[in-house]
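Please view the sequence and the structure together before reading on.

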Amino acid sequence: MQGGGSGAWAGLVARPPRWGPPPARGPPPARGPQDLSGDGGVRKEELRPGTGQPVPPAATVAVKYSGYLEHADEPFCTNCTTKLPRLMKLGEDITLRGLEIGLLTMKKGEVARFVFTPVYAYGQQGCPPLIPPNATVLFEVEMLDFIDSADSDAFFALTAEQQDTFPLQKVLKVADTEREFGNYLYRKQCFEGAKERYKRAYSILGRSPSNEAERCQIDASKLLVLLNLSVTYLKLEHPDRALMYGEKALEIDHRNTKALFRCGQACLCMMEYKKARDFLVRAQHIEPFNNDINNELKKLASCYKDYVEKEKEMCCRMLASLNSSHA
């Protein structure tokens, strides 16, 4: 093997601390070291198997990683301190040649170690001051999730006229991809970013259907995005916008309990108690044992009670003020 590869693998497999911390306890690795590049420049050891299909080319990935120099116990780079790392696109945000080769072999949930010789890592020059010249490096990677974003990237690179000629099924796939991006950002509590992704998805679902089957497909995709927008605007403390998107969802499905619930929450935030009760009671009739709906109705009753008591208190003060002025 090139670049002292056999020694690096011996250190990786037999003496993990030489390259960094050992893997967490669990089932034994599913397979031994693999030569991914054919020249020993990119070698992989699977520490925990993943599920589903491998990462496709041009995908956007969410990974946790730590990079180690040989003989080092501490990583020279890591993102393992963040609960949900940022999304990165292969070929753009991830430019380390060996890492991209390795990521394309991984599945969701997989944990793997990779050894990269200099030609697949930081080259002859290294990356001072962290990476010395001609350094062989190890990366330990966990594939949290990935999104196949190739079609979405291609779609938004087109002109508006070209987008209009895109087949409906591909448009629906692009909308679903954008919603996946939004969902990931929502889980990261990046609500502004999530909102923009959801609105991007909604913006391409406005084409006119040519038949009833297409209308149903478009409406089904729209409904999911509208519900996402409604809850995101609640998180952003814009209940008026949350109500607007919730009502648009109800135009598609007037018995959708999530839409009724979001509308009720939005009205409660705006202190429109009667409207809030109407929405929540409608939702309760459809799902009488839904704890979220029933708890929101209790919250509404408590808020309304406090509101009435404050109104009474204010009226009493006004009357007292009037009486004292006439005395």
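The points below are grouped by topic, from the whole protein to single residues and pairs.

The structure is a predicted model, in which local features need pLDDT of at least 70 and side-chain atom pairs count only at pLDDT 80 or more, whereas totals for chains, interfaces and linings use all residues. Residues are numbered from 1 along each chain as its sequence is written, and side-chain values use heavy atoms, with hydrogens and water left out.

**Overall composition**

- The protein contains eleven helices and seven strands; these are DSSP runs numbered from the N terminus, with helices (H or I) of at least four residues and strands (E) of at least two.
- Of the 327 residues in the protein, 42% are buried; buried means under 20% relative accessible area, exposed means over 50%, and partly exposed is in between (1.4 Å probe, protein chains only).
- The accessible surface comes to about 17900 Å², and 53% of this surface belongs to carbon and sulfur atoms; the areas come from the Shrake-Rupley method with a 1.4 Å probe, and for residues only the protein chains shown count as cover.
- Among contacts with a separation of 6 or more, 64% are between residues 24 or more positions apart; a contact means heavy atoms within 4.5 Å.

**Salt bridges**

- Side chains of opposite charge can pair when their charged atoms come close.
- The protein has 16 salt bridges, each defined as a side-chain nitrogen of Lys or Arg within 4 Å of a carboxyl oxygen of Asp or Glu.
- One of them joins Arg 113 and Glu 140, at 2.8 Å from N to O.
- This pair links distant parts of the chain, since Arg 113 belongs to strand S6 (residues 111–116) and Glu 140 to strand S7 (residues 137–147), 27 residues apart.
- Arg 113 has a relative accessible area of 3% and is therefore buried.
- Another salt bridge is formed by Asp 145 and Arg 187, at 3.9 Å from N to O.
- Because Asp 145 is in strand S7 and Arg 187 is in helix H5 (residues 168–187), the pair ties together parts that are 42 residues apart in sequence.
- Arg 187 is partly exposed, at 48% relative accessible area.
- A network of salt bridges links Lys 108, Asp 145 and Arg 187.

**Helix H6**

- Helix H6 has 13 residues, and its first and last C-alpha atoms are 18 Å apart, close to the 18 Å expected at 1.5 Å a residue; the expected span is 1.5 Å times one less than the number of residues.
- The buried residues of H6 are Phe 191, Ala 194, Lys 195, Tyr 198 and Ala 201.
- Seen down the axis of H6, these buried residues fall within an arc of 125°, so they line one face of the helix; the arc is that of the directions from the helix axis to the C-beta atoms.
- Helices H5 and H7 (212–235) are among the parts that cover the buried residues of H6.
- Within H6 (residues 191–203), Lys 195 and Glu 192 are three residues apart, about one turn of the helix.
- The side chains of Lys 195 and Glu 192 form a salt bridge of 3.0 Å, N to O.
- Lys 195 is buried at 11% relative accessibility, whereas Glu 192 is partly exposed at 45%.

**Aromatic pairs**

- There are ten aromatic pairs: rings of Phe, Tyr and Trp (its six-membered ring) pair if their centres lie within 6.5 Å, and planes under 30 degrees apart count as stacked, over 60 as edge-to-face and the rest as tilted.
- Phe 155 and Phe 156 form an edge-to-face pair, with 5.1 Å between centres and 90° between the planes.
- Phe 155 is buried at 2% relative accessible area, while Phe 156 is partly exposed at 23%.
- The rings of Phe 155 and Phe 166 have centres 5.0 Å apart and planes at 65°, so this pair is edge-to-face.
- Tyr 65, Phe 76, Phe 114, Phe 116, Tyr 122 and Phe 139 form one aromatic cluster.

- Thr 257 is in helix H9 (residues 257–269) and is buried at 13% relative accessibility.
- Beyond its neighbours within four places in sequence, Thr 257 contacts Ala 283, Ile 286 and Glu 287.
- Gln 284 is in helix H10 (residues 273–286) and is partly exposed, with a relative accessible area of 25%.
- Not counting residues up to four places away in sequence, Gln 284 touches Ile 293, Asn 294 and Leu 297.
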